[in-house]
Amino acid sequence: MSYLNPSTGSGSRTSRRTFEFGRTYVVRPKGKHQATIVWLHGLGDNGSSWSQLLESLPLPNIKWICPTAPTRPVAILGGFPCTAWFDVGELSDDGPDDFEGLDASVAHIANLLSTEPADVKLGIGGFSMGAATALYSATCFAQGKYGNGNTYPVNLRAIIGLSGWLPGSRNVRNKIEGSLEAARRASSLPILLCHGSCDEVVPYKYGERSTLVLNSAGFRNLAFKKYDGLGHYTVPREMDEVCNWLNARLGLEGCR
């Protein structure tokens, strides 16, 4: 069952801004607890809607944690406030990235995972802006630190991004190529990216480009799935792909 986590509304403090995160929804595993995945919603959404979908998946060994992003002014909406993991303007390869907001959200996610049992495999997934945040988490994991230099504390075993993009893509390769340990972590992290060919919100080319950038940066254990005719939403066959991929990559029991 889904329930409200009593420790909601916690803030992650940075040097300039304090971010107040919303409610966190948790879906408990119906079977043996083998993996915990934080799942991140898209712009303007909340953790509740995804928790209901994830609870219906045939993955009894996974605990899902579905946090809600802070409410903040968002540039792409003309400064209108809504739930967002970071501030974003028009999507472009050379646009500015809100690394302060990204670091705060990724630290909040890592904190949610840090209290899980030691024998449980940890992952992060998301949709749209949530997928972007999951991919930024992957780059922090590989580097062993956030963009602000603080140590990244969690050992990730899986990343899933649906209809998303890679923030800070310009600098990822340089940051990882400079360290043998970062390259090792990058090559060992399984990543699944899925994108619809008719996505009108985050165009397909951004999913494709993210894949190319991650591959060139050393994320070799990466699968990219194109869905012809799919817009900016998810469909059962895409979620079936997610289930099959998680079963295989995490070695889950009793799921087939």
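1. K63 and E116 form a salt bridge, with 2.9 Å between the closest N and O atoms. K63 sits in strand β6 (residues 62-66) and E116 in the loop between α2 (99-114) and β9 (121-127), so the pair ties together parts that are 53 residues apart in sequence. Both ends are hidden: K63 is buried, and E116 is buried too. Please keep in mind that this is a predicted model.

2. The structure holds eight salt bridges. Side chains of opposite charge can pair when their charged atoms come close.

3. R170 pairs with D97 in another salt bridge, the closest N and O atoms being 3.9 Å apart. R170 belongs to helix α4, while D97 is in the loop between β8 (80-83) and α2, so this contact ties together parts that are 73 residues apart in sequence. R170 counts as partly exposed because its relative accessibility is 40%. D97 is also partly exposed, at 25% relative accessibility.

4. Next comes the salt bridge of E241 with K225, where the closest N and O atoms are 3.8 Å apart. E241 lies in helix α7 (residues 236-250) and K225 in strand β12 (residues 222-227), so the pair links parts that are 16 residues apart in sequence. E241 has a relative accessible area of 24% and is therefore partly exposed. K225, at 31% relative accessibility, is partly exposed as well.

5. One group goes beyond a single pair.

6. Which residues of helix α5 (residues 180-188) are buried? They are A182, R185 and A186. These residues lie on the same side of α5, because they cover an arc of only 100 degrees around the axis. An α-helix has 3.6 residues a turn, so residues three or four places apart point the same way. The cover over the buried residues of α5 includes α3 (129-143) and α4 (169-177).

7. The start of α5 has a side-chain to backbone contact. There, a side-chain oxygen of S179 comes within 3.3 Å of the backbone nitrogen of E181.

8. S128 is not a glycine, yet its phi is positive, at about 60 degrees. Its place is the loop between β9 and α3. S128 counts as buried because its relative accessibility is 7%.

9. S163 also has a positive phi, near 55 degrees, in a residue other than glycine. S163 is in the loop between β10 (156-162) and α4. With a relative accessible area of 0%, S163 is buried.

10. T133 counts as buried because its relative accessibility is 0%. A polar atom of the T133 side chain also lies 2.9 Å from the backbone oxygen of M129.

Conventions. Residues are numbered from 1 along each chain as its sequence is written. This is a predicted model: local features need pLDDT of at least 70, side-chain atom pairs count only at pLDDT 80 or more; totals for chains, interfaces and linings use all residues. Side-chain values use heavy atoms; hydrogens and water are left out. Buried means under 20% relative accessible area, exposed over 50%, partly exposed in between (1.4 Å probe, protein chains only). Helices (H or I, at least four residues) and strands (E, at least two) are DSSP runs, numbered from the N terminus. The arc is that of the directions from the helix axis to the C-beta atoms. Contact means heavy atoms within 4.5 Å. A polar contact is a pair of N or O atoms within 3.5 Å; within protein, one must be able to donate a hydrogen and the other to accept it, and residues adjacent in sequence count only if both atoms are side-chain atoms. A salt bridge is a side-chain nitrogen of Lys or Arg within 4 Å of a carboxyl oxygen of Asp or Glu.
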